[in-house]
Every structure is written in C-alpha cells, then in structure tokens.
Amino acid sequence: MTEKRPTVLLVEDTYALAETYRAYLDPQDLDVHLAANCAEALEAVERLSPSVIVIDVNLPDGSGLDLMRRIKGRPAPCEVVLVTGMASVNMAVEAMREGAYDFIMKPFTAERLRVTLRNALERLRLASRIEELAAEAETLPDGEGVAGMIGRSRSMRTVYHILANAAPTNATIFITGESGTGKELCAAAVHALSKRASGPLITINCAAIPKGMLESEIFGHARGAFTGALSDRQGAMLSADGGTLFLDEICEMELELQSKMLRVLQEKAVQRVGEDTVRPVDVRIVCATNRDPQAEVAAGRFREDLYYRLHVVPVELPPLRERDDDVLLIARHFLQKFAAEDGKRFRGLSRDCETALLEYDWPGNIRELQNTIRRAVVLNDGDVVERQMLPLPRPSIAPEGVSGVAAPGATKRDGLDSGPERSGGGVRDEGGREIVPLETVIRETIENAVRDCGGNIPRAAQALHVSPSTIYRRMQVWSLEPAEPQERS
C-alpha cells in the first residue's frame with residue numbers, strides 16, 4: 001500500500017499566482033488544493049484537514065492573520081505559512097507569535113516554497129512522534145518501555161521527553177548516571193529515534209581499551225603506522241559514517257586524545273594514524289560517563305572546550321533506588337526473558353518478593369537487578385519467584401521503629417523524654433487534650449491512604465509523595481510489633 005501524500009492548501013485570491021504556486025510543487029509528493037478566500041479556505045480545512053496551509057495575508061473577505069488564528073484554534077495539528085508582498089518586521093513578528101511556521105515575501109522562487117513546506121512537514125512529523133512517545137510513557141504496560149527503555153516513573157518520563165525532542169536532531173547527547181543505570185541502552189534509544197536509525201551504531205568503551213590503542217580504535221590506522229599494524233584499519237569514527245558513534249566512559253580518554261577528538265568534531269574530518277589523507281565524516285556523537293564531568297574538568301582531567309562541545313544535550317539517568325516501582329517492571333521483564341531462555345515455569349513475583357525488591361537500594365542499579373533475577377531463575381523453578389529465592393540481604397529493622405521514630409508505647413525508660421504529663425496511660429497537653437504519638441499519626445495516614453487506593457501501595461505512595469519502599473518498610477516494621485496486651489478487668 002502506497003503512503004498517503006501530505007495535503008497542502010494554497011489560499012490565494014489571484015488565480016494566476018495560485019496556479020504558479022501549484023506548479024512549483026511536485027504533485028507526486030504533495031496533494032495540493034486551492035482556495036480563493038477565507039470562506040473557501042475554512043470549508044477546505046474542515047473537508048481536507050491539510051498538513052500545511054499557505055495563506056496570502058491580504059484576502060478579499062478578510063485578513064490572512066485572522067484566518068490563521070481561526071485555523072490554529074482547531075484541534076487538528078497543521079502548520080501555517082503566510083505570504084505577503086508588503087511585509088514589515090512588526091507583521092512578521094506578530095505572525096510568528098500567533099503561530100505561523102514561516103513568513104514568505106513575494107516574489108519568491110519555487111525552491112524557497114519547496115524548502116519551506118518540506119521543513120514544515122518535518123516539524124509536524126516530529127511533533128507527532130513526540131506526542132506518541134509521551135502517550136507511551138503515560139500508559140506503559142508492565143514489561144514495556146519507550147525505544148527499549150523500561151519504566152514509567154516521573155524521573156524516566158523526564159528522560160523520555162528529552163530523548164523525544166533531542167534524538168531527531170543532530171545535537172550531541174551527553175549521558176550521565178551511576179554504573180548500571182542503562183547508559184548504553186539510552187544511547188541505542190537515541191540512535192533508534194533519530195534520522196540516522198538506518199545507519200550504523202558503533203560503540204567504543206573508552207575504559208575497556210588500553211590507552212595506547214584507543215586512538216587507533218577510534219580514528220583507525222594505516223598499515224605499518226606502528227608495530228603490529230599489519231593492515232589498514234578503518235576505525236570507529238569512519239565505520240559510524242552516516243550513523244551514530246557512542247563513546248562510553250568518555251572521561252577515561254587521555255588529554256592528548258581529547259585534543260584530537262575536539263579537532264575532529266570541529267572539522268568533521270578524520271586523519272587515520274600514520275596517514276596524511278584527511279577523510280570527511282558525518283557522525284552523530286553520543287557519549288556517557290559515570291563520573292561528574294564538571295568535576296573532571298575542574299580537576300584538569302577533561303578538556304573544558306571538549307566538554308562544552310559534547311555537553312549540548314545532557315541526559316541524566318536516575319539510579320534505580322529513585323525510580324519507585326520501575327524496579328518491579330524491570331524485574332518482571334527480566335523474569336519473562338530468562339524464564340523463556342532457560343525453559344523455567346516462572347510467570348510472576350510473589351508479594352514478599354516484590355516487597356524485597358522495593359526495599360533494597362540497588363547500589364549496582366539495573367545491572368545488579370538483572371543478575372539477581374538471572375540467578376534466581378537459574379537456581380530455582382516454580383510458578384512465582386519467592387523471597388527466599390532472591391540472593392539479597394534482608395533489611396535490618398530496629399524494634400523501636402524506623403528512622404529514629406519511636407514505636408507506639410515507648411516511654412522514658414526506653415531512653416526517650418517523657419514529654420508532657422501522662423494521664424491514664426495517655427499523653428495530654430495543658431488543656432487536657434490527648435496528644436497522639438507521631439508514629440501513630442504516620443501509621444494511620446499510611447493505612448488510610450492504602451485503603452483509599454484499594455490496596456495499591458505504589459498509588460498510595462504517589463498520593464503521599466513518598467517512595468513505595470517507604471510504605472513497605474514501615475508495614476514490615478508494624479507486622480513485627482507484638483500485639484498489645486489485653487488489659488485485666
């Protein structure tokens with residue numbers, strides 16, 4: 001099935017000019033329609049839902065600016081290009097402020113019109129893709145993600161928003177985050193969402209290659225350039241021509257090589273080691289580090305000029321401990337994957353297992369979670385993964401409560417100040433009103449929120465503006481408390 005051609009509406013009251021503009025446009029690429037006034041234009045907009053509308057500012061039954069305002073007020077997305085023979089700076093500024101994509105002065109060439117419409121259609125396409133990604137992030141089912149990335153926490157939605165806007169451009173992306181947060185996966189997502197997706201994605205880990213060999217790996221070398229160079233080597237930069245080069249652990253690169261990298265980025269050309277020829281290269285750079293790049297610049301280990309050349313669009317990947325219940329989405333994804341690979345029966349996680357996953361801080365982030373689920377699948381089998389199958393340390397819980405908050409019933413002999421005067425086993429202020437212990441208030445608030453959310457702890461946590469692990473930890477503490485003794489009659 002052939003793809004539907006974008007629809008363009010030309011609103012011009014002079015018939016000869018309208019036909020000239022139509023002739024400028026290739027009928028093979030665009031479905032072009034004409035309107036001679038505002039009334040015809042509004043009728044055509046309702047009937048055709050054009051992608052781009054080219055409007056003359058002076059029309060016989062109204063202003064082109066007013067027509068644009070009415071069209072822009074519709075829910076259907078479109079781009080508007082205004083045309084005039086008597087333009088002023090103020091008029092152009094007003095038109096752009098009101099939502100015009102571009103403002104063209106008469107007379108103009110066929111190429112000017114074609115380029116403007118091509119760019120307008122590209123902007124419309126990218127806006128549509130961004131909306132799709134935002135919708136995906138809002139309604140992600142378990143085990144799914146955006147461009148291969150899994151998670152729907154607020155912090156990850158921020159990452160998706162940045163990628164949706166930046167990936168379709170040629171801007172350099174600088175990814176930061178702790179080890180194991182998924183920087184390589186993020187780089188792959190940038191490539192997949194870019195205009196270079198059909199080109200190569202080449203990855204170089206600057207920390208995994210001996211420093212003396214890194215220049216050759218990136219820029220390539222000619223035969224005989226050094227001992228052991230038995231043949232020509234193209235190098236990662238030339239191999240990525242037309243695509244994306246991902247430089248992982250960029251802060252491990254030596255200063256001398258950083259200088260050469262800066263020159264390549266400025267000149268968009270590569271000179272292989274041991275060779276005089278300079279080769280043009282078209283590469284989009286994505287880099288990453290688990291260090292603080294600004295601290296590396298301040299310490300003199302990373303060139304400041306290279307940092308600003310690379311640090312165009314920063315993307316900070318959050319650690320797993322700050323991603324709320326994303327840990328469960330990712331764990332279920334790994335469980336499904338590994339169970340299928342190893343022929344195990346696992347289909348889910350027990351409640352105790354989920355609690356343990358949410359309570360743990362995951363210092364190794366997603367890589368540690370992946371290894372944990374992998375080990376559980378390899379060493380066990382069953383319908384669900386139980387808590388005891390996880391190779392995780394159990395949290396140490398003090399009997400008197402959490403985070404220094406005294407458990408209900410604590411008294412002065414527990415090492416706490418007794419506070420206001422006690423009466424009849426309770427605590428009352430000077431007016432005789434009972435003071436409820438803080439831990440009791442916290443417990444009632446959490447239990448009420450969980451009940452009001454139908455037992456959905458992540459949703460209750462979101463309503464209370466806390467992490468689900470906070471609620472799970474407190475519930476575990478309360479489950480270990482001894483029952484209150486019955487008073488004797």
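Me: Helices (H or I, at least four residues) and strands (E, at least two) are DSSP runs, numbered from the N terminus. What sort of model is this?

Reply: Predicted: local features need pLDDT of at least 70 and side-chain atom pairs 80 or more, while totals for chains, interfaces and linings use all residues. Residues are numbered from 1 along each chain as its sequence is written, and side-chain values use heavy atoms, without hydrogens or water.

Me: OK, α13. How many residues, and what does it reach?

Reply: Helix α13 (residues 326-342) has 17 residues and reaches 24 Å from first C-alpha to last. That is close to the expected 24 Å, which is 1.5 Å times one less than the number of residues.

Me: Which of its residues are buried?

Reply: Among them are L328, F334, L335 and F338; buried means under 20% relative accessible area, with a 1.4 Å probe and protein chains only. The cover over the buried residues of α13 includes α6 (154-166), α14 (351-359) and α15 (365-379).

Me: And just after α13?

Reply: G343 takes a positive phi of about 70 degrees.

Me: Switching to V286. Where is it, and why does it count as buried?

Reply: V286 lies in strand β15 (residues 284-289). V286 counts as buried because its relative accessibility is 0%.

Me: What is V286 in contact with, beyond four places in sequence?

Reply: Its contacts (heavy atoms within 4.5 Å) include I173, V190 and F246.

Me: What is the strand order in the open sheet of five?

Reply: β2-β1-β3-β6-β7, with parallel pairing; strands pair if DSSP finds at least two bridges between them. The edge strands are β2 (31-35) and β7 (102-105).

Me: How many bridges join β3 to β6?

Reply: Five bridges join β3 (residues 52-56) to β6 (residues 79-84), and I55 stands opposite L82 in β6.

Conventions:
Buried means under 20% relative accessible area, exposed over 50%, partly exposed in between (1.4 Å probe, protein chains only).
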